[in-house]
Each structure stands twice: as structure tokens, then as C-alpha cells.
Amino acid sequence: MGTVEIVHKTTMICAPLMAQSVEQMVGDMHRAKAQGADVVEVRLDCIHNFQPHQDLQIILKNKPLPVLIAYRPKWEGGLYEGDEHQRLEVLHLAEDLGADYVDIELKVASDHLGRQKTNHRSGTKVIVSCYINDSTPSKEDLSHLVERMQATRADIIKLVVNVTNITEIARIFQLLSKCQVPIIAYSVGERGFISQILSPKYGGILVYGSVEGKPDPGLPTIDCLRQAYKLDHINEDTVVFGLISKPVSHSKGPMLHNPTFRRVNYNGIYVPMYVDNLKEFFSIYSSPDFGGFSVGFPYKEAVIEFCDEVHPLAQSIGAVNTIIRRPGDGKLIGYNTDCEGAISAIEDAIKEKGCTNGKAFSISPIDGKLFVLVGAGGAGRALAFGAKSRGARVVIFDIDFDRAKSLASAVSGEARPFEDIVNFQPEKGAILANATPLGMHPNTDRVPVAEETLRDYQLVFDAVYTPRKTTLLKDAEAAGAITVSGVEMFLRQAIGQFSLFTGGKLAPVEFMRQIVLSKF
């Protein structure tokens, strides 16, 4: 062992299969191949009434692609509770029958590999694995663990950790780039997601993706890895951009930015980053590999203190939704593309409907109008400053009344307690804008304006874009108001971000719009 040369031009995608019968397992292998998997991991411990000789032969004779055999014991997170000697005999049998890979736990690896060497087995590559369910070990402890795993003379080592903070993933990236043997290392869940996506950049040989229709919590689907992220396009020179948010799984940013990077031949990747602590995050992800970030809820205001410089517009708004790491000195520069994205979407919708009351287009169609804003957070601040810049009169409702008053003071507007919105009577032709998470999937609650007042608004805007048509927009449309989805704001702010991310490249606007129309 240890002398086998393993060469992979690209990181392989492995589909974990946990069917309860051999027939289902064979069917799932074919489905995995059809969806784009390179390898399947067959979990023998999931098969009911497993008959080793008979079932393994069926699986391996009918395999449409390379097979990794795992027989996970309960003490390592699996389902097998029987005799340990019999379990290891099954793994030896899998090698005899032609399995491409077998997974053996570090705790028993020495005995297994010693016997394999005595019996001169050579066709099967052995993966020595270790699952860490507690918090991620320190960099030094991980290094020692990897040394132990390498000492088994395995063909491949596999390390799965349970991260509690995205900053811990950086230790996995260091392992991937420095390990002396082929390595699989990752974490699952929202905080661990980037360990799968960025594995090719740091030299990981395999990532896991679930079969469509058979979701595996915490794993991306095979289709997601192939289509949204195009793993075969990622290499050590790929520049990483990420959305800093909490939560982050709702984001459609990767579906838009990644195809657009490829469209203009820019070697970048855009990933969701579930961030718990901004200070810790920026202290760890400080290398030039990370070229910039989008900033989402709830960090658009707080992130300013971590920027070295802030663009004047973002400074006046008091919210940043885009950060660029400046080439050369590596300083973080904060921008706001939300403001123009949201306000231009509102203006254009009014113009398209011809509802400008005879005003020339050189004057904003919201000039002089009442602009009722719900939410004084990062997105709300962008909308308030945008509305003020166009001559609107701004009234702000927020669950934090002090925050509403602070923003109202900054835009010469008026603040009202959030509970007053139920009885608030707008003047005819006003604009209503929701800048809170209310209505975001999976929660369908809407901003609690009285339904009968919706007919008084000329236009209703909702910054939420998942779902595309929120309950608020449906109700407003039924009342006869012009409606603008947060999807339009999302697209326009993303166009601005794309130019910043790529150092000034012109965004392929129509291409991006088509993605939004087809995917959202």
C-alpha cells in the first residue's frame, strides 16, 4: 500500500446511497450515474436482511460506475450493530469481488490493511476514514490525526468533521492543500457547505452530492455541483466570492453569479457563507483567494466596521452589501449596490405603466410622493436614502422604534411605531416598500398593513425574492397596485456587484436577466 499512484484530472463527485434493498441500491446507482456522479458510495449497513455473498455480487456485477463500499458500524455513526469480525470479513469480500474502493475506519485500519498486505490484494483502493462528531480539532491536532491516518499506508484518507462555525472550515482547506496522500475532507450542513464546493480548489479528490429525489441533509445535490457550481471548472487559481448571511440557504446568488462568471470567462466561484461572527470570519478568511463578498441579512450595517474603506454612498446610507478585496494591498472596500438597484426598479415599473402624472422622465416618478418604508435595517436604509434622493417624503416603520427614528432623522423623514402600520392610512398614490424578512420562504406572513389600504398605494415593492411573488405582492396586485418583486432589485444590485467583483467587466445584462426569469 502507499505506492499506488492515483491521478484525477478533476475532483470526483460521489453519491452516497442508503437504499434499504439491493434492488433499490442497483436502481439508485443507475440514477446517480444518469445525474452525473463519478462514483457511488454503497452503505451496506442500510440494507435490510443483508446477505453478504449474494448481495455484494449483485451490486458489483450491476454497477454502472465505480463503487465505494462502506459498512458503517454504529460506533462510527452507522447502523451496523453485529459482530466486528464479521463486518471486516464483508469488507475483505468486497475487495475479492472487485469493489473499486472500500472504506475502513481508522480505529480498525491497521488490522485490515495488515491482512490485506498478507493476502496480496491490490485491485481495490482502501480509504481510511475518521468521523469527528465533536467540535473541530485544532490545526495541530488535525495535523497529528492526519499523520496517524497516513501511517496506515492507506491509498486515500477521509476526514469528516462537524463544524460549529464556518471559520473551522479553513482548517480543512489547509489539510487538503498540504496532505501528502490523496484526501477527502469535508463537513456537512449549512456552515460546512463550502467545504464541498471549494474542495477542488484546495486539492480534494472527492466531494459528496446527493441523488435528486433522495436528499441527504447537509449535502448539495449532484445537479447543484454539476450545474450551479461546475466543479470541473474550479482550480487553485479560482477566486472565491461569497454571500455573508445568516441564514443563507435561501440565496439564489450562486445560480446567477456562477453562470455569469463562466459566460465572460472569469475564473471565479460564488458560494453561500453561513457566518455567525463577523470579526472571527474576517480574521480567518483574509487571503487573496477570497476576492470579495456580498452581504445579506442581518449584517449590512454591522459589516461596515470591518471595511478598511467605504464608498461615500454606502457611508451615507450606513449599509454595505458588497465588499471587494482590493488587489495589491488586500484592503476591504465596502459598496452599496442595493440603493440604485431598488429605486431604479421602482421608477422603471411606474414609467412602464405610464403612471407619471405628466411629469417628464427627467424627474423621478416618485418625486413628491409619500414613500412608506417598513424595515430600517440594511436594505431599508438603502431604500430610504434612494427615495430621499429622488424627492420622496419618507415614513418609516420598524420593530425597533429607535432604529426607525435614527433613519428618519438621516433622511429628513418621519418614524412611526411598527404596531401603528395596521391602522396607517396612506395618501392616494403612495409607495409601499417592505424591507423586512417578512414573507420570506418558508414563512408566508406578510407586512401587516391593512388589506383595505393596499388600494391606496400606486406601487408596492417587496425586497423579499423567495418566493418571487410574496403574499404581500399577491394582495397588492389584487387591490390594483403596481407590484415590484425583490427579484428585480436582486438582479439590478447583482449587476452592480458583478462589475465590482470582476474589476470593471461589463455585466452581460440580458444573460443575467434570462437566468433570473428562468430560475427564480
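Reader: Is Thr124 buried or exposed?
Author: This is a predicted model, and in it Thr124 has 6% relative accessibility. The cut-off for buried is under 20%, so Thr124 counts as buried.

Reader: Where is the place of Thr124 in the chain?
Author: In the loop between helix H4 (106-118) and strand S5 (125-132).

Reader: And what does the side chain of Thr124 reach?
Author: The backbone oxygen of Ala99, at 2.7 Å.

Reader: S5 came up there. What is the order of the strands in the open sheet with S5?
Author: The order is S7-S6-S5-S4-S3-S2-S1-S8, eight strands with parallel pairing. Strand S7 (183-187) and strand S8 (206-208) are the edges, each pairing on one side only. On average, neighbouring strands of this sheet are turned by 25 degrees against each other, direction ignored.

Reader: Take S2 and S3. Over how many bridges do they pair?
Author: Four, in the parallel sense, with S2 covering residues 39-43 and S3 covering residues 67-70. Arg43 stands opposite Ala70 in S3.

Reader: Which helix lies across S3 and S4?
Author: Helix H3 (residues 84-96), running at about 160 degrees to S4, which is 101-105. Helix H6 (residues 169-178) packs on the sheet too, touching strand S6 (156-161) and S7. The direction of H6 makes about 175 degrees with that of S7.

Reader: Changing topic. How many residues of S9 are buried?
Author: Six of the seven residues in strand S9 (residues 239-245), so to speak mostly covered.

Reader: Which strands pair with it in the parallel sense, S10 for one?
Author: S9 and strand S10 (residues 268-274) pair that way over seven bridges, and in S10 the bridge partner of Ser245 is Tyr274. Between S9 and S10 the chain crosses through helix H10 (residues 253-263), in a right-handed β-α-β crossover. S9 is also joined to S11 by five bridges, again running parallel. There, Ile244 stands opposite Val295 in S11.

Reader: In what sense do S11 and S13 pair?
Author: Antiparallel, over three bridges, with S11 at residues 290-295. Ser294 has Thr322 in S13 as its bridge partner.

Reader: What about S13 and S14, over how many bridges do they pair?
Author: Four, in the antiparallel sense, S14 being residues 332-335. Ile324 has Ile333 in S14 as its bridge partner. Six residues lie between the strands of this hairpin, and Gly328 takes a positive phi near 100 degrees.

Reader: What holds paired strands like these, in general?
Author: Strands of a sheet pair through backbone hydrogen bonds, either parallel or antiparallel.

Reader: Back to S13. Are its faces covered or open?
Author: Both faces of S13 (residues 322-325) are covered. Thr322 and Ile324 are buried on one side, and Ile323 and Arg325 are buried on the other.

Reader: What does UniProt place at residues 243-323?
Author: An unreviewed entry there gives "domain: Shikimate dehydrogenase substrate binding N-terminal" for that span. In the model, the end C-alpha atoms of residues 243-323 lie 10 Å apart, and the span is 30% helix and 25% strand.

Reader: And which residues does UniProt list for "domain: SDH C-terminal"?
Author: Residues 486-517, also from an unreviewed entry. That span is 78% helix and 0% strand, with its end C-alpha atoms 13 Å apart.

How values were computed. Residues numbered from 1 in each chain as written. Predicted model: local features only at pLDDT ≥ 70, side-chain atom pairs only at ≥ 80, totals over all residues. Heavy atoms only, no water. Buried < 20%, exposed > 50% of the residue type's maximum accessible area, 1.4 Å probe, protein only. Helix = DSSP H or I, 4+ residues; strand = E, 2+ residues; numbered from the N terminus. Pairing = 2+ DSSP bridges. UniProt positions renumbered as here; feature names shortened; annotations may be inferred. Axes fitted to C-alpha atoms, helices over the stretch in contact; angles between N-to-C directions. Contact = heavy atoms within 4.5 Å. Right-handed = clockwise from strand over helix to strand, strands pointing away. Polar contact = N/O pair within 3.5 Å; in protein donor to acceptor, adjacent residues only side chain to side chain.
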